[in-house]
Amino acid sequence: MDEHVRKSVPRHVAIIMDGNGRWAAARGLPRVAGHREGVKSVRRTVEAAIEQGVRYLTLFAFSSENWQRPPSEVADLTFLLKHFLRSELNELHVQGVRLKIIGERDRFGEQIAAELAAAELKTSGNSRLTLVMALSYGGRADIVEAARRAIATGMAPEALTEQHFSALLSTDAIPDPDLLIRTSGEERISNFLLWQTAYSELLFTDVLWPDFGAADFAHAVEEFATRERRFGARPV
Ligand code: IPE
Ligand code: IPE
Ligand code: MG
């Protein structure tokens with residue numbers, strides 16, 4: 001069956017990629033080893049999303065609160081981000097992936113911010129999968145930024161609608177996630193897409209992010225297909 005016409009395939013899957021540190025600790029390795037292994041999961045997951053016919057994949061790679069981690073870990077994560085961009089961009093482009101960044105990219109420094117902008121531009125014409133990378137992203141900051149933009153337009157308060165407000169968020173033009181997955185057994189949102197996940201189906205798995213693969217993604221998509229989404233309406 002054509003995956004794209006299967007109605008039960010989530011159009012947008014968002015993932016809180018968690019558990020890298022615990023994966024490393026379980027092996028007596030430094031945390032960075034877990035983050036390095038987590039990059040491989042990103043690669044596998046992008047491929048799995050394409051394979052399953054998902055059109056938007058949002059990955060929470062670094063939260064606005066993650067700056068509070070030790071400087072050495074922040075440096076490791078920044079290095080891996082830069083390395084990922086440089087080593088994977090061409091392959092992503094060939095696969096038809098359009099890259100979009102949300103979050104405060106400037107906090108990673110001018111060079112990375114420029115490389116991220118160049119990567120977005122290079123892949124802007126692709127349409128197979130939109131890969132949204134949430135970097136230094138915070139859901140509350142996203143909402144406050146949108147509110148600031150609304151105020152800056154000088155519009156009448158009563159003219160602001162939910163639809164208009166959505167378009168002022170960093171996720172403008174990206175449909176809300178149908179499915180939100182969090183790995184590693186933690187069951188919380190951790191300031192991810194607060195507005196956008198209002199009606200997302202939530203799926204928590206004990207699998208640690210570095211162990212997450214195509215089979216886990218396929219399983220999540222299957223689980224999603226069994227969910228009954230009501231959006232507050234009464235089933236007829
Ligand atoms: C997720 O793994 C990666 C980031 C948050 C950047 P963690 O680093 O949070 O791993 P745990 O939760 O400590 O196991
Ligand atoms: C959430 O994971 C952020 C990312 C996966 C990038 P954390 O590990 O930072 O979240 P908490 O601290 O457990 O809530
Ligand atoms: Mg964590």
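1. In this predicted model, an oxygen atom of ligand 2 lies 3.2 Å from a polar side-chain atom of aspartate 18. Asparagine 66 also places a polar side-chain atom 2.9 Å from an oxygen atom of ligand 2, and an N or O atom in the side chain of arginine 69 is 3.2 Å from an oxygen atom of ligand 2. A polar contact here is a pair of N or O atoms within 3.5 Å; within protein, one must be able to donate a hydrogen and the other to accept it, and residues adjacent in sequence count only if both atoms are side-chain atoms. On its own ligand 2 exposes 390 Å², and the protein buries 77% of that (accessible areas by the Shrake-Rupley method with a 1.4 Å probe; for residues, only the protein chains shown count as cover).

2. The residues around ligand 2 include Ile16, Phe60, Phe62, Arg182 and Arg188 (a residue is near a molecule if one of its heavy atoms lies within 4 Å of it). Strand E2, residues 56–63, gives the most to this shell, with four residues; strands (E, at least two residues) and helices (H or I, at least four) are DSSP runs numbered from the N terminus. By type, the shell of ligand 2 divides into five nonpolar, three polar and four charged residues. Ala, Val, Leu, Ile, Met, Phe, Trp, Tyr, Cys and Pro count as nonpolar, Asp, Glu, Lys and Arg as charged, and the others, Gly among them, as polar.

3. Ligand 1 is surrounded by 13 residues, the closest being Asp18, Gly21, Arg22, Arg31 and Arg69. The side chain of arginine 22 has an N or O atom 2.8 Å from an oxygen atom of ligand 1. For arginine 31, a polar side-chain atom lies 2.8 Å from an oxygen atom of ligand 1, while a polar backbone atom of glycine 19 is 3.4 Å from an oxygen atom of ligand 1. Of the 380 Å² of accessible area that ligand 1 has on its own, the protein covers 86%.

4. Helices H1 (20–25), H2 (31–52) and H3 (71–94) are the elements that give two or more residues to the shell around ligand 1. The largest share, three residues, comes from H1. Three residues of this shell are nonpolar, five polar and five charged.

5. Tryptophan 67 and phenylalanine 108 form a tilted aromatic pair, 5.0 Å centre to centre with 45° between the planes. Rings of Phe, Tyr and Trp (its six-membered ring) pair if their centres lie within 6.5 Å; planes under 30 degrees apart count as stacked, over 60 as edge-to-face and the rest as tilted. Tryptophan 67 is in the loop between E2 and H3 and phenylalanine 108 in the loop between strand E3 (97–102) and helix H4 (110–122), so the pair ties together parts 41 residues apart in sequence.

6. Residues are numbered from 1 along each chain as its sequence is written, and chains are lettered from A and ligands numbered from 1 in the order in which they are written. Local features need pLDDT of at least 70, side-chain atom pairs count only at pLDDT 80 or more, and totals for chains, interfaces and linings use all residues, while side-chain values use heavy atoms, with hydrogens and water left out.
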